[in-house]
Amino acid sequence: MSNCIAAELDFIVRDDDPEMQAVEDDIRRNLAKIGITIKTHFLNETEYIAAELDSNAYHMLFTRTWGAPYDPHSYMASWAVPSHVEYSSIGALRVRQIFHF
């Protein structure tokens with residue numbers, strides 16, 4: 001990996017969610033194996049909500065699905081709505097193209 005460009009990603013995680021923290025730990029360790037450094041920011045609820053809406057505050061975060069389990073189409077379509085955190089990261093750029101609306 002001597003010819004690779006170093007990559008560092010900011011990951012926001014709730015400081016009061018042990019499930020998020022456990023998964024973050026696995027992700028961080030796995031990405032380290034391929035030379036990607038994760039800079040984790042453990043945030044309280046208020047900080048996390050504020051950071052979610054600022055797409056410059058992170059590269060990765062956890063979101064929770066809603067509705068029927070295993071319904072990726074509705075979940076992804078919701079990303080095109082400005083009131084959803086995913087919209088702040090992608091601006092609905094690709095979602096609108098994928099779903100043709």
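The model is a predicted one, in which local features need pLDDT of at least 70 and side-chain atom pairs count only at pLDDT 80 or more, while totals for chains, interfaces and linings use all residues. Residues are numbered from 1 along each chain as its sequence is written, and side-chain values use heavy atoms, with hydrogens and water left out. The secondary structure of the chain amounts to five helices and three strands, where helices (H or I, at least four residues) and strands (E, at least two) are DSSP runs numbered from the N terminus.

**Overall layout**

- Read from the N terminus, the elements follow the pattern β-α-β-α-β-α-α-α.
- Of the 101 residues in the chain, 23% are buried, a term that means under 20% relative accessible area, with exposed meaning over 50% and partly exposed lying in between (1.4 Å probe, protein chains only).
- Among the contacts in the chain with a separation of 6 or more, 59% are between residues 24 or more positions apart, contact being defined as heavy atoms within 4.5 Å.

**The sheet**

- The three strands form an open sheet in the order S2-S1-S3, with parallel pairing, and two strands count as paired if DSSP finds at least two bridges between them.
- S2 and S3 (60–61) are at the edges with a single partner strand each, so one side of each has no neighbour in the sheet.
- Strand S1 (residues 7–14) is joined by eight bridges to strand S2 (residues 36–43), and the two run parallel.
- The chain passes from S1 to S2 by way of helix H1 (residues 18–32) in a right-handed β-α-β crossover, which is to say that, with the strands pointing away from the viewer, the path from the first strand over the helix to the second runs clockwise.

**Helix H1 and Glu 24**

- H1 lies across S1, S2 and S3 and runs at about 165 degrees to S2, with axes taken as lines fitted to C-alpha atoms, for helices over the stretch in contact, and angles running from 0 to 180 degrees between N-to-C directions.
- Glu 24 belongs to helix H1 and is buried, with a relative accessible area of 3%.
- Apart from its neighbours within four places in sequence, Glu 24 is in contact with Phe 11, Val 13, Ile 38, Thr 40, Phe 42 and Phe 62.

**Helix H2**

- In helix H2 (residues 45–52), the buried residues are Tyr 48, Ala 51 and Glu 52.
- These residues of H2 cover an arc of only 100 degrees around the axis, so they are on the same side of the helix, the arc being that of the directions from the helix axis to the C-beta atoms.
- A side-chain oxygen of Asn 44, at the start of H2, comes within 3.1 Å of the backbone nitrogen of Thr 46.

Technical notes:
A polar contact is a pair of N or O atoms within 3.5 Å; within protein, one must be able to donate a hydrogen and the other to accept it, and residues adjacent in sequence count only if both atoms are side-chain atoms.
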